[in-house]
Amino acid sequence: MGKYKKLYGTLLLGLVAIIILLTAVFSYSRSIEESYKEENINSLKELSNQGALMLHNEIKNKQNLLAELSHDVNRIFVNDPQAAAAYLEEAAERNSFKRIGVALTDGRAYTTDGIELNISEREYFNKAIRGNTAVSRNLDDYTDGGRIAVYAVPIFEDGSDKRIGVLFATYSLDTFRKTIEVSFFGGAGYSYVVQENGDVVVDSQHSESFKNFQNVYAALLTADPVNNKDSAEKLWQMINSKKGGYIEFYNGSQKYMYCSPIGVNNWMLLTVTPASVIEDKINMVLNKTYLLGILLIAIFLLFIWHIMRIHTRNQKELMDIAYVDEVTGGYSFAKFFKEAELLLIETDKKTAIVSMDIDGFKYFNDMFGYGEGNDLLRYIWQKVKASLSEGEILAHGVADTFIFLLRFDTREELLWRINDLCLHLNNYITKSGQVYKLSLSMGIYEVDGETDDIVSMADRAYIARQTIKNKGDTAWAFYDGAVRDKLLHEKEIESQMEKALAEGEFIAYYQPKYSTKEQKLIGAEALVRWRRSDGIIVPPYQFVPLFERNGFINKVDRYMFELVCRQQMRWLKQGLIPVPISVVNMSRMCLYDPHIVDEYIGVLNGSGLSAAYIKLELTESAFFENISIMNNVIEALHKVGIKVLMDDFGTGYSSMMMLKNVAIDVLKLDKSFVDDIGDDRSEKIISNIIYLAHSLQIEVTAEGVETAAQFEFLKSVGCDYIQGYYFGKPQPAEDFAALLQKEFYDGSDAGADKKG
């Protein structure tokens, strides 16, 4: 009986040991899966961001090239457009364009391959003839039906701003596609370029991608409407926030996608890799681990030895994948971060993190090929590696990015080493013997103990590098207190903004508007101010740009609209006679909300205020985003009696043709026009803008009027209304109420005081 008890005890002990070990194996497998997935998603993010940056730079350089060519051919074009097209033939071939063409103002075009066609219906032509550079979405070629993208710039009359035609370059979509189809994740990854509304600009020919899709949201819901519903919604939010991000979706199998803004036409780069790329390698490791777990039942003692051996081998495989750069054979970024954390603990010497890349690396690859490009990366890696001392490390990241850690005693010593390194790197000799001068950008972060997060340190070095990127010569910049303070200040504002809105810290200041002829108060503009609970006023320039970037401005706009409506009603109940107040520069993102107009009208109706006492302002740039949407918004506002003002007219994208396409009520001349009064050329422009606006029954308000000379000129050319410090500064509600009392009840003329 004792024998069986001992046997049962041994079996029970063995069973408990096996359960414990199997539990440990299961937990270990989960840890590997999560760690490996996280590292690969971070790699996908880096690949996507670098791809978006490369694509942005390529598009901008093509646009700059066309701008230069437009200057070269403008004189030829005036006399003989066909000769101008022939002149551009060599440029088309040299820059891999399918063709280059010139078009007259009526859309008749002549191309370098002898084709005559009319492009007046093309969107890129209409943008360029209005004075803007443009990049089209993917189009069907008029000549052969092939898929193309088109760059376009205006041709100006020599020595003037008059647009006499358009220079355009056709780029085969297959060629354009090669830019984003860089091999990654062993050839399993692929990329798309889409517009803000999800419409495809460049698709992928990869075997696992969506086939012939037109819109990425529709493609997601078509591929798997159940599993992809939340993913499509999340992607829409990321694209519309222009911040990018990561989703998982299904298209035959599970896939990962990272979204990065390109910075052109609100395009986004979507970088995709199948989940199987990660899962296959994980499963290989896990299957071996589970097999070893099963073998534990038969040979428990041998299991310990086997599991340690397999564990070591698997760890090495994972380390090789995660920590070894495939181009240089050196450290990857992940390995750099891991080693740098240890090095920072082990030394008392000063330390700097340096982020470096090559300006124009994409063009080097275009000229010499990717093989030569990889040789260049290895050359840089070897040179930098050779310059390092003990306790210093180097890593190569995606494309042409490098990061390294340096030790130093003084900043002078650090700069000497950086300059010496640049001298050794600047001249690279290609396989063909050609000397290629490198331009490097370096961002330097001196470790100061403010953060112990190595990733944050690398980010700060990257931020410093971005401040001097593409300046043409090798350059370096330190991450300084100004950059740090700006980031910290913005984080502080973001941490307070929701509470400030909820507690009513955002208030309205009212800047009076006067009629030019009678100099009578006829209205005001409500300007947002932030008055903290301690009474300190935060000026708009410190928070408005940040709110516009993070989307919080939409909430502030709606709050201000409601605030002004309530204030107007209070003045009416007090027996004052309010004047119309313009409020809310609706952001472009608001205009894509189909309910936005109904929300504003609902606030107006809920307040009981007549539409005659409120106006809405829209910045000029918003009008160029989508004219049809803009016209729908204006029409809905007009139906309830709300007048619409075009603010900041003449900034950035100004176009006289825009005035005929949108039914605005008032045009507001930007302060930059008013500041130039006194210059004969500027005064002629202002006079003609006012004449054109009046011919279209559009009233004109001049912003930023500060002097008597400015006022007298604007009065002489028929400007309807004046706004600026000459008549009145922005003032709180109580002061503006006193101005209303004085203007309409005391019989005085507030504007008349300024005339002398």
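**Reading helices and rings in a predicted model**

Author: Of the 756 residues of the protein chain, 49% count as buried (under 20% relative accessible area; exposed is over 50%, partly exposed in between, with a 1.4 Å probe and protein chains only). This is a predicted model, where local features need pLDDT of at least 70, side-chain atom pairs need 80 or more, and totals for chains, interfaces and linings use all residues. Residues are numbered from 1 along each chain as its sequence is written, and side-chain values use heavy atoms, leaving out hydrogens and water.

Reader: Which residues of H12 are buried?

Author: Glu372, Gly373, Leu376, Leu377, Tyr379, Ile380, Trp381 and Val384.

Reader: And how are the rings of Phe364 and Phe368 arranged?

Author: Rings of Phe, Tyr and Trp (its six-membered ring) pair if their centres lie within 6.5 Å; planes under 30 degrees apart are stacked, over 60 edge-to-face, the rest tilted. Here the centres are 4.7 Å apart and the planes at 50°, so this pair is tilted. Both residues sit in helix H11, four residues apart, about one turn. Phe364 is buried at 1% relative accessible area, while Phe368, at 23%, is partly exposed.

Reader: Which aromatic cluster do they belong to?

Author: One formed by Phe361, Phe364, Phe368, Tyr379, Tyr428 and Tyr436.

Technical notes. Helices (H or I, at least four residues) and strands (E, at least two) are DSSP runs, numbered from the N terminus.
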